[in-house]
Amino acid sequence: MDLKEQAKQDYLAGMKIKDIAQKIGKSASTIRSWKSRYKWDDVSDKVAKAATKSVATKRNNNELTKKYGWEPKYDKHGSFKLFGVKIVVAFTNSERGVGAVRGMTAYGAYINEASLANRAVFDEILSRSSMPNSHILLDTNPDSPTHWLKKEYIDNKNPEAGIKRVHFVLDDNTFLSPDYVKHLKAETPTGMYYDRKILGLWVNGEGAVYRDFDEKKHFVTKDEVPELTNYFAGVDWGYEHSGVIQVWGETDDHKYYLVEEHAAQHEEIDYWVDIALDVKKRYGDIPFWCDSARPEHVARFINEDLDARNADKKIMKGVEDVAKMIKANRLFVVRAAAKKFESEIFDYVWDEKKGVPVKENDHAMDTRRNFLMTINFNSDRLSSDENHVFYFESIGDDLPVETDVNELISIHANRLNNRYNRLMNYYLGKHSIIRKLAKAKGKPDNRLVINFAKELVDNEVGFFAGTPVKFDYDDNGQENQELDQRIADFVAINDLTDSIVELAKQVDIFGRSYTLLYQDEDSNTRVAPIDPRNAFVVYGTQIGAPIEYAVYYTQRQRNGAISGTLYTKHSAVTFHGSASAGIQYDEVTDNLFTNVPLVEFFASIERQGLFEQVINLIDAVDMAMSNKGNDIDYFSNTIMKVVNAKLRKETIDEMIDKRVINVPSVDSDRPVDIDFLNKPGADLIQEHFLDRAIDAIYTKSNVANFNDDVFGNASGTALEFKLQSMSNAANMKERKFKLSIRQLFKLAFAIGATLPLDMTGELAKNAKATFKRTVPHNVQDEATTAKTLLDVVDRKTAISAISTVDDPDAVIKARDEEQRNNANNALSTLGDVNENDFKGGDK
C-alpha cells in the first residue's frame with residue numbers, strides 16, 4: 001500500500017490529519033492537499049470524526065447528507081426541521097449557548113463531548129427537555145473522577161434518575177482500522193492519558209508526569225544531535241525560584257532537541273537580557289516564547305530587539321503534547337547542556353487529588369511546555385503555511401468554535417504582530433542600533449539611523465499609486481454612463497483613490513493589508529483600510545478556496561482585554577474576552593454581504609514586506625555610518641603622547657592656549673618624542689562597503705535609487721531601462737491588487753446600496769481600475785504614438801497612451817464637443833453670406 005492510500009484509509013477510519021502526517025512522515029498540509037485533490041470526503045462509508053460541542057452539530061448533519069442523501073435546510077439561526085420537528089443547534093462549550101435553548105420545550109437532545117460542556121448550558125438543556133418520553137443522549141471522553149458529570153450523573157445509581165450508562169474502551173470501536181488503533185495506543189503517553197483515552201477510565205494522574213521519559217533513550221550527547229534546521233527559545237521568568245531560558249532545535253522531520261539551558265535565581269531582567277542577546281548572536285533572530293505572567297519583562301525583551309512572544313500557558317494541553325512527543329521519541333535533551341532539566345524531569349509529579357502537576361520542580365518543565373505548546377496549533381482543523389497564511393478545514397458549519405478563534409487571535413497577536421511591529425519600527429526610523437547596549441564610558445557611541453525603509457516604501461508607493469487610480473465601467477469597450485456615475489459616487493464616498501495609496505503603503509511595510517466593507521447609518525456602502533495588526537483572514541484548505549472567515553479585533557495593552565467581530569459568509573458575531581481567559585461570543589447578526597466582507601491585499605503570495613529581506617543590510621549601513629561617526633569623535637579627542645619629558649599642569653595649559661610645544665628632555669641621551677596616538681584608518685574600506693551595501697539595498701528590494709546621477713541626465717529610453725525591475729515588481733503588485741479590487745466591488749454590488757444590486761459578480765468584472773506609474777514622460781513622443789495608434793485601435797486606447805490624460809472618456813467627449821462647435825460655427829458663417837458679397841469681384 002503506497003503512502004497516499006495508507007493516509008486515505010487512516011483518514012476514513014477517523015484518524016486526525018496531524019496524526020496521519022506524523023505516522024507516514026509527511027506534512028499536515030500535504031495530507032490536506034491529498035484529501036482535497038482525491039475527494040476523500042466523498043467516500044460514502046467514511047466514519048464521522050469529532051464534532052463541535054453542540055446539542056446537534058452541522059458536522060453530524062453533513063455526515064447524514066453523505067450517507068442518506070438528506071440535506072437539512074438551515075434558517076438564519078442555524079436551525080432546521082427534521083420530520084416536522086425543529087432541531088436547534090447550540091454551542092455547549094460556553095455560556096452563550098444558553099440563549100439558543102432558553103424558553104423552548106424540547107423532546108430531547110444530543111450532547112457531544114459532554115464533559116467539555118458549560119454547566120449552565122448543560123442544565124438548561126436538561127430543564128428544557130420536558131416533553132413526555134424525552135431522552136438526552138450524550139457521549140464523552142473521560143476526565144477527572146471528581147468531574148461533576150461523573151459524580152452527579154454517571155455514578156448516579158438511583159433508578160428514579162433514569163440514567164443508563166455504557167462504558168467503552170478503544171478496542172470496542174470496530175469502525176477504526178487495526179492500524180489506527182495500534183498507532184493510537186503506541187503514541188498515547190503511559191499513565192493517566194492512556195487510562196482515559198484507551199481504557200475509558202475516569203482517573204487522575206499519579207507518580208511522575210512524564211513516565212515515558214527514558215534517560216537512556218532521550219538524553220543524548222552533543223555529538224548525537226543531528227542537523228537542526230530551526231531554533232526556538234523558551235523563557236520562564238523567576239526570582240525566588242529559578243528563571244530558565246532554553247534553546248531548542250528542530251530537525252526536518254520535526255524532532256526537537258534541547259541544546260542549551262540557562263537557569264539562575266535572584267537575577268534581575270538585565271541578566272536575562274544579556275543571555276538572550278548572546279543567544280541571538282549565536283543562533284540568529286530566533287523567537288523567544290515567554291511566560292506572559294511578566295509582561296514588563298516581555299516588553300523589555302522586545303525593546304532590546306529580541307523576537308519575544310507570549311507563550312500559550314494551557315497547562316494540561318501542554319503537558320499532554322509534551323508527553324506525546326516523548327512517547328513518540330520526538331523529544332531529546334543534550335544532558336550536559338541542561339542540568340536544570342535533568343534535576344526536574346523525574347521529580348515532576350502529579351497532584352493525585354487535583355489531577356494536575358504539582359507546582360514544584362517545574363521551572364525547566366514550564367519552559368519546555370511553553371515553547372512546545374505554542375509552535376503548533378492545538379486544533380486539528382487549523383493550520384498555517386510559511387507565509388503566515390491561516391487555513392481552516394470547513395465541515396459545513398458557519399461559525400467556528402470560540403476556542404479555534406481564540407487560538408488564532410493568540411497566534412496573530414503573539415507571532416505575527418511582533419513581526420509587524422518590528423517592520424513598522426523600521427519604517428518609523430526605530431532601528432535596532434538604537435536599542436543596542438551602551439558602550440563603556442568615554443568611548444564614542446553614535447547611533448545613526450539612515451532610514452532606507454521609509455525611503456524604499458515611499459518611493460515605491462509614489463511610483464505605484466502616486467498618480468490617482470482611475471475607476472470606471474468598461475464592458476469590452478461598451479460604455480455605460482449610468483454605471484460610470486454610480487462607480488464614481490462609490491469611489492468619492494469612500495475616498496477610494498486615497499485608500500489604495502494607504503493599502504499600497506501597508507502592503508509594502510507589512511506584506512499585506514485589508515479592507516473592511518460595511519453599511520453606514522445612511523445606508524451607504526463604506527470601505528475602510530484595516531491595519532493587519534488588527535485583523536486576519538482564514539482560508540479554506542481546498543486548492544483555490546476562498547476566505548472562510550475573518551476577524552477584526554483590538555486588544556488593550558493595560559489589561560489584555562480583547563473585543564472584536566468575527567465575520568463569516570452569513571453572520572457577524574461580536575465577541576469579548578482576554579488573552580488569558582479566551583473569548584466568548586456575544587451577539588450574532590446577519591451578514592448582509594452574503595460573503596466575508598474583509599478583503600486581503602498583498603503584492604505576492606509570500607506576503608513579505610518591501611524592505612523585509614534587506615533589514616540586515618540596513619542594519620549594516622546604520623552600523624557602518626555610526627562607526628564612521630565614532631571615528632570622527634575619536635580623532636576630535638585624539639590623545640597626545642609625550643615621551644622623555646616631564647610636563648607640569650601649567651605647561652600643558654600653555655600648550656593648549658598658545659598651540660606651541662617646547663619642553664626639555666628628561667634624559668639628554670634621548671630626544672623628546674611628541675606624537676598623537678592614531679587609530680588605524682580604514683576609511684577607504686568603509687566607503688567601498690557602504691557603496692556595495694547601499695546598492696544591494698536598492699537592488700534586492702527592486703526599487704530604483706533616485707539619488708543616482710543618471711536620473712538627472714538620462715533620456716526617456718535610458719530611464720525606462722533604469723526603472724525596469726521596479727516596473728516589473730509594480731506590474732506584479734498591480735495584478736494582485738486588481739484581483740482584490742474586483743472582490744471589493746463584488747461585495748459592494750452584492751448588497752445593492754451605493755452600487756446597483758448584482759449577485760452574479762458580472763458587473764464587478766467590468767469595474768476597471770487603471771493604474772499609471774508616476775514617471776517622467778516625453779509627451780510629444782506620446783502624442784505621436786497616440787496619433788499612430790488611431791489607425792489600428794479605438795480612440796480610447798490611443799488616447800490612453802498619453803500620460804497627461806487621466807480620463808480618456810472625458811477627453812473624447814470634449815474633443816467631440818469641440819468638433820461639433822467648430823462645425824456649427826462654420827455653418828453659421830456660411831449662413832451669413834449673400835449674393836451682394838460677390839458683386840464687383842471674382843465669383
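Helix H18 (residues 481–494) and helix H25 (residues 724–751) pack with their axes 13 Å apart, at an angle of about 105°. Here an axis is a line fitted to C-alpha atoms, for helices over the stretch in contact, and angles run from 0 to 180 degrees between N-to-C directions. Angles under 35 degrees count as roughly parallel, over 145 as roughly antiparallel, 65 to 115 as roughly perpendicular and the rest as oblique, so H18 is roughly perpendicular to H25. H18 brings Leu483, Ile487 and Phe490 to the contact, and H25 brings Leu744, Phe745, Ala748 and Phe749; contact means heavy atoms within 4.5 Å. The helices and strands named here are DSSP runs, numbered from the N terminus (helices are H or I, at least four residues; strands are E, at least two).

Before going on, a word about the model. It is predicted, and local features need pLDDT of at least 70, while side-chain atom pairs count only at pLDDT 80 or more and totals for chains, interfaces and linings use all residues. Residues are numbered from 1 along each chain as its sequence is written, and side-chain values use heavy atoms, with hydrogens and water left out.

Asp19, Gln22 and Lys23 of H2 meet Asp179, His183 and Glu187 of H8.

Next come the strands. An open sheet of seven strands, with mixed pairing, runs in the order E5-E11-E8-E7-E6-E9-E10. Two strands pair if DSSP finds at least two bridges between them. At the edges are strand E5 (219–220) and strand E10 (307–310), each pairing on one side only. Helix H16 (residues 402–427) packs on this sheet and touches strand E9 (287–290) and E10, its direction making about 155° with that of E10. Within the sheet, strand E6 (residues 230–236) and strand E7 (residues 243–250) are antiparallel partners over seven bridges; Asp236, for example, has Val244 in E7 as its bridge partner.

Strand E8 (residues 256–264) holds Glu260. Is Glu260 buried or exposed? Its relative accessibility is 11%, and buried means under 20% relative accessible area, exposed over 50% and partly exposed in between (1.4 Å probe, protein chains only), so Glu260 counts as buried. Its side chain makes a polar contact with the side chain of Arg282 at 2.7 Å. A polar contact is a pair of N or O atoms within 3.5 Å; within protein, one must be able to donate a hydrogen and the other to accept it, and residues adjacent in sequence count only if both atoms are side-chain atoms.

Elsewhere, strand E3 (residues 108–111) has a covered face with Ala109 and Ile111, and an uncovered one with Gly108 and Tyr110. In a regular strand the side chains alternate between the two faces of the sheet. E3 pairs in the parallel sense with strand E4 (residues 135–138) over four bridges, and Ala109 stands opposite Ile136 in E4.

Finally, visit two loops. Ser523, between strand E17 (513–519) and strand E18 (525–530), has a phi near 65°, a positive value in a residue other than glycine. Ser523 is partly exposed, at 48% relative accessible area. Arg607 lies in the loop between strand E24 (598–601) and helix H20 (615–636). Its phi is near 50°, again positive in a residue other than glycine, but Arg607 is buried, at 7%.
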